[in-house]
Amino acid sequence: MEAVTTSLRLYNMAHSKVGLTIPDLFILQVFANIEDRETAVHGTISFDLDTFRDLLREKFKKFRDKNKKLKF
């Protein structure tokens, strides 16, 4: 793995002015040397942002339900 680059996005909480910064885009750079008579493998890495956001929504809902006295 040569580098992992992320782009961050700021989300504002509904009932406060506190922002939450989470990764929104991932760029993975992989470099490899191929020697004589070796096989190269090409692959694709994908990151499903919709599933990631759904997971975050679920986690925040559980957190809010457990901490009903806190305002977000």
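What is the relative accessible area of Thr44? Thr44 has a relative accessible area of 70%, and this residue is therefore exposed (over 50%; buried is under 20% and partly exposed lies in between, with a 1.4 Å probe and protein chains only). The model is predicted: local features require pLDDT of at least 70 and side-chain atom pairs count only at pLDDT 80 or more, whereas totals for chains, interfaces and linings use all residues. Residues are numbered from 1 along each chain as its sequence is written, and side-chain values use heavy atoms, with hydrogens and water left out.

**View 1. Overall form of the protein chain.**
Along the principal axes, the C-alpha atoms occupy a box of roughly 65 × 20 × 15 Å. Of the 72 residues in the protein chain, 6% are buried. Among contacts (heavy atoms within 4.5 Å) with a separation of 6 or more, 40% involve residues 24 or more positions apart.

The structure contains four salt bridges (a side-chain nitrogen of Lys or Arg within 4 Å of a carboxyl oxygen of Asp or Glu). Side chains of opposite charge can pair when their charged atoms come close. One of these salt bridges joins Arg53 to Asp50, with 4.0 Å between the closest N and O atoms. Arg53 and Asp50 are three residues apart in helix H1 (residues 49-66), so about one helical turn separates them. Arg53 is partly exposed, at 21% relative accessibility.

**View 2. Arg57 and Asp54 in helix H1.**
Arg57 forms a salt bridge with Asp54, in which the closest N and O atoms lie 2.7 Å apart. Both residues belong to helix H1, where Arg57 and Asp54 are three residues apart, about one turn of the helix. With a relative accessible area of 53%, Arg57 is exposed.

**View 3. Asp65 and Lys61 in helix H1.**
A salt bridge links Asp65 with Lys61, the closest N and O atoms being separated by 3.1 Å. Helix H1 holds both Asp65 and Lys61, four residues apart, which is about one turn of the helix. Asp65 is partly exposed, with a relative accessible area of 40%. Lys61 likewise counts as partly exposed, at 47% relative accessibility.

The loop between E2 and H1 contains Arg37. Its phi angle is near 60°, a positive value in a residue other than glycine. Arg37 is exposed, at 86% relative accessibility. The loop between E2 and H1 is also the place of Thr44, and the exposed Thr44 has a relative accessible area of 70%. Thr44 and His15 are 29 residues apart along the chain, and their C-alpha atoms are separated by 39 Å.

**View 4. Gln29 in strand E2.**
Strand E2 includes Gln29. This residue is partly exposed, at 36% relative accessibility. Gln29 and Ser46 stand 17 residues apart along the chain, with 13 Å between their C-alpha atoms.

**View 5. Lys17 in the loop between E1 and E2.**
Lys17 occupies the loop between strand E1 (3-12) and E2. At 86% relative accessibility, Lys17 is exposed. The C-alpha atoms of Lys17 and Lys69 are separated by 17 Å, the two residues being 52 residues apart along the chain.

Methods. Helices (H or I, at least four residues) and strands (E, at least two) are DSSP runs, numbered from the N terminus.
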